[in-house]
Amino acid sequence: MSDSETIAAGYAFTGPALDLGALLWDGACLPDAQIRIPLPMLNRHGLVAGATGTGKTKTLQLIAEQLSAQGVPVFLADVKGDVSGISAPGTTNDKVAGRAAEVKQQWTATGFPAEFYALGGIGHGIPVRATITDFGPVLLSKVLQLNQTQEQSLGLIFHYADTKGLELIDLKDLRAVVTFLTSDEGKPELKNIGGLSTATAGVILRSLTAFEAQGMADFFGEPDFDTSELLRTASDGRGMVSVLELPAVQDKPQLFSTFLMWMLADLFHDLPEVGDADKPKLVFFFDEAHLLFNDASKAFLDSITQTVRLIRSKGVGVFFVTQTPKDVPGDVLAQLGNRVQHALRAFTPDDQKALKATVKTFPNSSYDLEEILTGLGTGEAVVTVLSENGAPTPVAVTRLRAPESLMGPIDAATLDAAVKSSSLYGRYAQAVDRESAYEKLTTQAPKPKEAAKAASKPAKEDESMVQQVVGSGMFKSLARSVGTQIGREITRSLFGTARRKR
């Protein structure tokens, strides 16, 4: 058996699979040697990498189309604003027809069911918001660029708000709690659990002010987005493609990358274990992945690694999309079983180092990958995936299929019409500002004398830390103004995000 036949045999799966394209060998396209990914292996995660302009976005579109066709919902982050075309049938031309003929593809113009979202409603799309409470202190610290000490203090503030039933819906709620805890009335409240220094509170407040001044307040509030919306299928059984439009916030990379991580963590908390299923419940494409890992603390990286490791058993596959594998930490990269690597550039010494590092992440093969990776054309990639038995397939240089939906954005009027006709629009379009921590602290705060008296009362020795906080005079005063059950702290899990009952 020749090398090309050995490679082709490695992709001859018997079960349902996605068709990526045809094998390239010695400069020739072999249409009978189809390169595929087994559908059940899509929850073993993956990486789509390559330099700008090499075809990564079209690869995402190609994979998303086929997942949708097989009843699997897909989440796509649209950073450049050119993925909305997945909802409309593509248009044929000589280039598309030629590619289809080369790779033995029966190309048919097809649009796929899609929902369009926008962070905070900035831009086109159904607004995606999160409450400060649900977002949690760890992810918020990354957005605010706080250091470890400041992050720990923010965690203490959340702990206090959680135990007191002070709902942190938006930024003004958090600011109100921080201000209160550094006031004469509020300082005694945290005395027994570490306290909050004036300097640290000042840094947090300044960060919140700067964050709000950049127009980012709209991302936090209600109605908060229910991430289970991403798991829906259309009436015809095809998976819904959820497209999060990001062009309006692409100049705020730390914000949108952290928001994507919140969505993933929220799904992780709420989904039940399913083990190895016939197909994923959702495939989540994490675009511009390097932005998530830049300047991330070890604790933050550990949480990402744990999320990626465990969410597979809940039926969710995660594909990181970036330029080179070195953008992804080794512990995360080791869990990405499916790889589609587009061309890399090697113009500088750093490029050369990245190229060599990328080659080392692939299994041994008959190809000279250093040469291949710098010579790939647009729409060509080096592929290795997990076979049906979980073993890596042979490395295959592949000419990829053409997407069947529109390769470009749909026009703004069509997009707006699709958004406003969605069954979700009425649920999320209008922001709501109900009574929360800001209102409770500014209208119902107890008098200074009452607070001082409560603070001076010694706690019983056998009381736990939380019991001391719950039993304080300030708490009892606030309890009269809080309509929700108090004294039971919000359960927080990975990243400090709140666990919600659906």
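**Note on the predicted model**

1. Both F211 and F220 are buried; here buried means under 20% relative accessible area, exposed means over 50%, and partly exposed covers what lies in between (1.4 Å probe, protein chains only). These two residues come up again in point 8.

2. The model is predicted: local features need a pLDDT of at least 70, side-chain atom pairs count only at pLDDT 80 or more, and totals for chains, interfaces and linings use all residues. Residues are numbered from 1 along each chain as its sequence is written, and side-chain values use heavy atoms, with hydrogens and water left out.

3. On confidence, the chain averages a pLDDT of 86, and 90% of the residues score at least 70. Residues 445-488 have a pLDDT below 50, and this stretch has 56 contacts in the model beyond near neighbours in sequence. The pLDDT is the predictor's confidence in each residue, from 0 to 100, and a contact means heavy atoms within 4.5 Å.

4. The chain has 502 residues, of which 55% count as buried, and it contains 20 helices and 12 strands. Helices (H or I, at least four residues) and strands (E, at least two) are DSSP runs, numbered from the N terminus. Among contacts between residues at least 6 apart in sequence, 77% join residues at least 24 apart. The chain exposes about 20,900 Å², and carbon and sulfur atoms supply 50% of that area. Accessible areas come from the Shrake-Rupley method with a 1.4 Å probe, and for residues only the protein chains shown count as cover.

5. Strand β4 (residues 74-78) is largely enclosed by the rest of the structure, because five of its five residues are buried. V74, L76 and D78 point one way from β4, while F75 and A77 point the other way. What does β4 pair with? Five bridges join β4 to strand β7 (residues 241-245), and the two run parallel; β4 also pairs with strand β8 (residues 282-286) in the parallel sense, over three bridges. Two strands pair if DSSP finds at least two bridges between them. As for individual partners, D78 is bridged to E245 in β7, F75 stands opposite F284 in β8, and L76 stands opposite F285 in β8.

6. V74 lies in strand β4 and counts as buried at 0% relative accessibility. Apart from neighbours within four places in sequence, V74 is in contact with A64, L67, S68, M240, V241, S242, L282, V283 and F285.

7. Strand β8 is mostly covered, with five of its five residues buried. L282, F284 and F286 are on one side, and V283 and F285 on the other. Five bridges join β8 to strand β9 in parallel, and L282 has V316 as its bridge partner in β9. T322 is found in β9 (residues 316-322) and is buried, with a relative accessible area of 3%. The side chains of T322 and D327 make a polar contact of 2.7 Å. A polar contact is a pair of N or O atoms within 3.5 Å; within protein, one must be able to donate a hydrogen and the other to accept it, and residues adjacent in sequence count only if both atoms are side-chain atoms. Beyond neighbours within four places in sequence, the residues in contact with T322 include L47, K56, H290 and V328.

8. Rings of Phe, Tyr and Trp (its six-membered ring) pair if their centres lie within 6.5 Å; planes under 30 degrees apart count as stacked, over 60 as edge-to-face and the rest as tilted. By this rule there are 17 aromatic pairs. F135 and W262 form a tilted one, 6.3 Å centre to centre with 35° between the planes. This pair links distant parts of the chain, with F135 in helix α4 (residues 132-135) and W262 in helix α9 (residues 253-270), 127 residues apart. F135 is buried at a relative accessible area of 1%, and W262 is buried at 0%. The rings of F211 and F220 have centres 6.1 Å apart and planes at 45°, so this pair is tilted as well. Ring pairs link F135, F211, F219, F220, F259 and W262 into a cluster.

9. Helix α5 (residues 137-144) is mostly covered, with eight of its eight residues buried. Among them are P137, K142 and L144. Q145 follows α5 and has a positive phi, near 60°.
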